[in-house]
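Please examine the structure shown below before reading on.

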Amino acid sequence: MPRPTAASSALFERARSVTPGGVNSPVRAFNAVGGTPRFIRSAAGAWLTDVDGNEYVDLICSWGPMLLGHAHPEVQAQVAAAVARGTSYGAPTEPEVELAEEIVARAPVEKVRFVSSGTEATMSAIRLARGFTGRDVVVKFAGCYHGHVDALLASAGSGLATFAVPGTPGVPASSTELTLVLPYNDRAAVEKVFAEYPDRIACLITEASPGNMGVVPPEAGFNAFLAETCRAHGALFVSDEVMTGFRVSRQGQWGLDGAVEGWRPDLVTFGKVMGGGFPAAAFGGRADVMARLAPEGPVYQAGTLSGNPIATTAGLATLRLATDEVYAHIGAAAETVKSAASDALRQAGVAHVVQATGTMFSVFFTASGRVRDFDDALTTDASAYAAFFHAMLDAGVYLPPSAYEAWFLSSAHDDRAVQTVLDALPAAARAAAA
Ligand code: PLP
């Protein structure tokens with residue numbers, strides 16, 4: 001049954017008259033699935049409540065950050081206490097030091113610098129890589145999203161090993177002419193560009209396990225290969241863990257491959273979970289590389305709200321509560337949802353493939369059998385997904401409003417929330433088949 005949307009529709013109307021497209025980040029407009037974007041009034045645990053009073057099990061979790069669910073009482077209490085002490089000083093604070101220590105203890109970085117968004121983190125990381133190496137070329141993979149950094153909003157040029165073209169109007173060709181875009185999971189393409197530009201590549205940046213074209217995990221040993229290839233050519237390996245960091249495991253994606261295989265990235269970017277729902281992000285890495293950053297070194301980088309005391313308090317509280325039990329709970333709930341989604345789609349005769357890394361997964365509506373790069377991801381049947389999405393929404397489950405996004409759960413996804421998802425799946429799968 002379609003749910004009432006009069007209040008969301010009215011707000012959307014007002015929003016469109018004062019904000020481009022009515023939203024502050026494009027995917028929220030529901031353009032890919034159609035219909036009225038739900039304006040959210042409040043959230044608690046695994047549940048969202050919209051302005052019409054509809055409740056939804058949240059399978060987006062703010063696009064990843066809400067690892068503990070919404071309005072976790074302990075996080076709320078620490079944030080409230082921090083707010084009472086003032087909200088921003090523009091001077092160093094204790095929570096920044098503690099959060100940096102917590103990140104250094106978990107992730108393969110010796111030092112970190114805080115910023116306010118994942119975009120700033122990747123932008124600053126490539127600046128630092130260029131400043132450290134004295135080189136200018138950046139290599140990335142098609143389908144990997146690193147925020148809206150000009151140099152990284154790039155599409156592949158006319159052939160492998162040719163420089164990229166702007167991925168959006170507004171990015172000048174001069175911003176992408178030092179970016180090379182390669183197919184993901186393609187070792188030969190990586191070897192080719194390093195051979196062709198032997199002393200020019202400052203860094204290769206990759207999502208540690210891509211989640212922005214749907215979940216497309218690195219093939220076995222791929223990240224190790226990237227780290228080794230960069231090292232052999234004097235380039236830095238930048239692992240973007242904005243989405244995966246402290247989400248797919250306690251140590252992020254690196255905990256699933258690098259820590260096991262015995263390699264480390266040179267720089268890592270973080271965001272989402274480490275801000276506990278507030279704008280906080282970071283980049284970090286080898287001490288000798290980070291030492292090139294101002295004020296210790298010459299590479300400039302700064303931010304008025306960087307290391308903000310409320311954001312770092314929320315992030316610290318979240319990470320301290322993110323125990324092994326939390327990851328085990330999310331993993332088990334994700335497993336249940338994943339296999340139920342697959343069963344329902346199979347029974348309805350909908351071609352699909354479910355892919356996961358750690359506790360993060362996505363469902364591709366494709367007959368291609370396996371998705372290993374962006375071209376494979378584009379075989380997704382976006383209209384089947386749109387039908388599935390709306391059937392789930394009508395049944396009280398809030399999925400990402402795009403076929404190319406990861407699904408996220410939290411430690412607050414209890415039996416009632418998971419059961420609501422399971423109950424919704426069979427009819428949604430039939431809607432996708434129609
Ligand atoms: N890097 C990755 C892997 C991301 O998933 C995102 C956002 O989704 C970003 C960077 C950009 O982060 P932000 O949206 O905080 O700027």
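The model shown here is predicted. Its chain contains 15 helices and 15 strands. The radius of gyration of the chain is 21 Å, close to the 22 Å that the globule rule gives for 434 residues, so the chain is as compact as a globular protein of that length. Of the 434 residues, 53% are buried. Among the contacts with a separation of 6 or more, 74% are made by residues 24 or more positions apart.

How is the chain divided into domains? Domain 1 consists of two stretches, residues 6–67 and residues 323–433, while domain 2 covers residues 73–321. The centres of the two domains, taken over C-alpha atoms, are separated by 26 Å. Where the domains touch, 27 residues of domain 1 are in contact with 30 residues of domain 2. On the domain 1 side, the elements that give two or more residues are α12 (324–347), β13 (353–357), β14 (360–364) and α13 (374–377). Of these, β14 gives the most, with four residues. By class, this side of domain 1 has 14 nonpolar, eight polar and five charged residues.

The next topic is the ligand. Around the ligand there are 15 residues, of which S117, G118, T119, G147 and V242 come nearest.

One residue carries an annotation from a database record. The unreviewed UniProt entry lists K272 under "modified residue: N6-(pyridoxal phosphate)lysine". In the model, K272 is found in the loop between β11 (267–270) and β12 (281–285). Is K272 buried or exposed? A residue counts as buried if 20 or more other C-beta atoms lie within 10 Å of its own. K272 has 27 other C-beta atoms within 10 Å and is therefore buried. Leaving aside its neighbours within four places in sequence, K272 is in contact with G64, P65, G118, V242, M243 and R247. Two of these contact partners, G118 and V242, are also among the residues that come nearest to the ligand.

Methods:
Residues numbered from 1 in each chain as written. Predicted model: local features only at pLDDT ≥ 70, side-chain atom pairs only at ≥ 80, totals over all residues. Near = placed C-beta within 6 Å. UniProt positions renumbered as here; feature names shortened; annotations may be inferred. Buried ≥ 20, exposed ≤ 12 C-beta atoms within 10 Å, placed from the backbone. Contact = placed C-beta atoms within 7 Å. Domains from an automatic or database assignment. Nonpolar A, V, L, I, M, F, W, Y, C, P; charged D, E, K, R; others polar. Rg over C-alpha atoms; globule rule 2.2 N^0.38 Å.
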